Amino acid sequence: MPLPSFAYARPSKLDEALELVAAGGRPLAGGQSLVAAMNLGRERPDRVIDLNRIPELARIEETDDGLLIGALVRLATLRESDRTASQVPLLAAALRHVAHVQVRTRATVGGNLSQADPGSEIPAVTTALGASYRLRSVRGERWVPAAEYATGPYRTCREPDEILTDVSIPMHAGVVAGFFEVTRKMKDWPIIGAGAQLRLRQGRIVDAWVAVCGAAGRPSKLSGVEEALVGSPAVPDVLAEAARLAGSAEDYPGARSGVAYRQHVLPVVVERALLKSVEAGDLEEMAS
């Protein structure tokens, strides 16, 4: 299907982009979602605002609040960044599961988060870690907790005149992480997945961050699992028992499997993510 006609702008400054979006333009980052929707006739924007010439949106910086990631940072760049591996290991673990290199090379952090696909790995990780997103418009800016950004399948709280410009993820020293997901084939979209980050001390779990994707219409932080883990020994039986507190899967439009199947495997993917975290800690201990 041919693309519908539209006006095109490519600003080099954020203020200019905000003005254009306020006038009704649609922001374009990697194009992995918007262009596909336009090809299918599901989106017909009158004007597309290409953000790729705005350098401040492509930064990765350490700040007092955490790792600040610009919305235009490519997933491939983020995956290869030493800062990701050292400062936010759960994000690094999740990125090893995201799509193919061709997709990662074009897809951006902001586009991935704003697509709000319930099965996507990155929104689950940012939710687990208590990240915040900066939304800007000509009216000003606001920070939104990651857990509140997605309001349902493929829906967010972003207003039409806002651009998601930055993601701030808290950094935690001395942690290990693991991510596990179920897919129909290699590098396919996740049916369901889980990420876990742990701080271990003398064989016990002193801090835990756990979330799942694909279980419901938005990412889910598993506070009950986290509470059950803290203070417990990092042994398989304890991890399995905590994983059984993962809660319930839900039916939602666009789910990639039935709710009964996802409910069945939910505690399994959580347990395996936890096991991967502990194994990463064992490997670090052996290396030291």
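**Sheets, cores and a buried aspartate**

Helix H1 lies across strands E6 and E10, running at about 125° to E10. Helices here are DSSP runs of H or I with at least four residues, and strands are E runs of at least two, numbered from the N terminus. Angles run from 0 to 180 degrees between N-to-C directions, with axes fitted as lines to C-alpha atoms, for helices over the stretch in contact. The model is a predicted one, so local features need pLDDT of at least 70 and side-chain atom pairs count only at pLDDT 80 or more, while totals for chains, interfaces and linings use all residues. Residues are numbered from 1 along each chain as its sequence is written, and side-chain values use heavy atoms, with hydrogens and water left out.

H1 (residues 14-22) also lies across E1, E2 and E3, at about 160° to E3. Those three strands make up an open sheet, ordered E1-E3-E2, with parallel pairing. Strands E1 (7-9) and E2 (26-28) sit at the edges with a single partner strand each, so one side of each has no neighbour in the sheet. On average, neighbouring strands of this sheet are turned by 30° against each other, direction ignored. Two strands count as paired if DSSP finds at least two bridges between them. E1 and E3 (residues 47-50) pair over three bridges, and the bridge partner of Tyr 8 in E3 is Val 48.

Another open sheet holds five strands, in the order E4-E5-E10-E6-E7, and its pairing is antiparallel. Its edge strands are E4 (60-63) and E7 (140-145), each pairing on one side only. The twist from one strand to the next averages 25°. E6 (residues 132-137) and E7 share six bridges, with Leu 135 opposite Arg 142 in E7.

The Asp 166 side chain makes polar contacts with the side chains of Arg 59, at 3.2 Å, and Thr 165, at 2.9 Å. A polar contact is a pair of N or O atoms within 3.5 Å; within protein, one must be able to donate a hydrogen and the other to accept it, and residues adjacent in sequence count only if both atoms are side-chain atoms. Beyond its neighbours within four places in sequence, Asp 166 is in contact (heavy atoms within 4.5 Å) with residues including Leu 68, Ile 69, Gly 70, Tyr 133 and Arg 134.

The largest nonpolar core has 38 residues, and among those touching the most other members are Ile 69, Leu 164, Val 167 and Ile 169. Such a core is a set of buried Ala, Val, Leu, Ile, Met, Phe, Trp, Tyr and Cys residues joined through side-chain atoms within 4.5 Å. Helix H5 (residues 89-95) gives this core its largest share, five residues. A second, separate core has 28 residues, including Leu 222 and Leu 266.

Further along comes strand E13 (residues 204-213), mostly covered, with seven of its ten residues buried. E13 pairs antiparallel with E12 (residues 190-201) over nine bridges. Their hairpin has two residues between the strands, and Gln 202 there takes a positive phi near 50°. E13 also pairs with E14 (residues 220-221), in the antiparallel sense over two bridges. That hairpin has six residues between its strands, and Gly 214 in the turn has a positive phi of about 85°.

Notes. Buried < 20%, exposed > 50% of the residue type's maximum accessible area, 1.4 Å probe, protein only.
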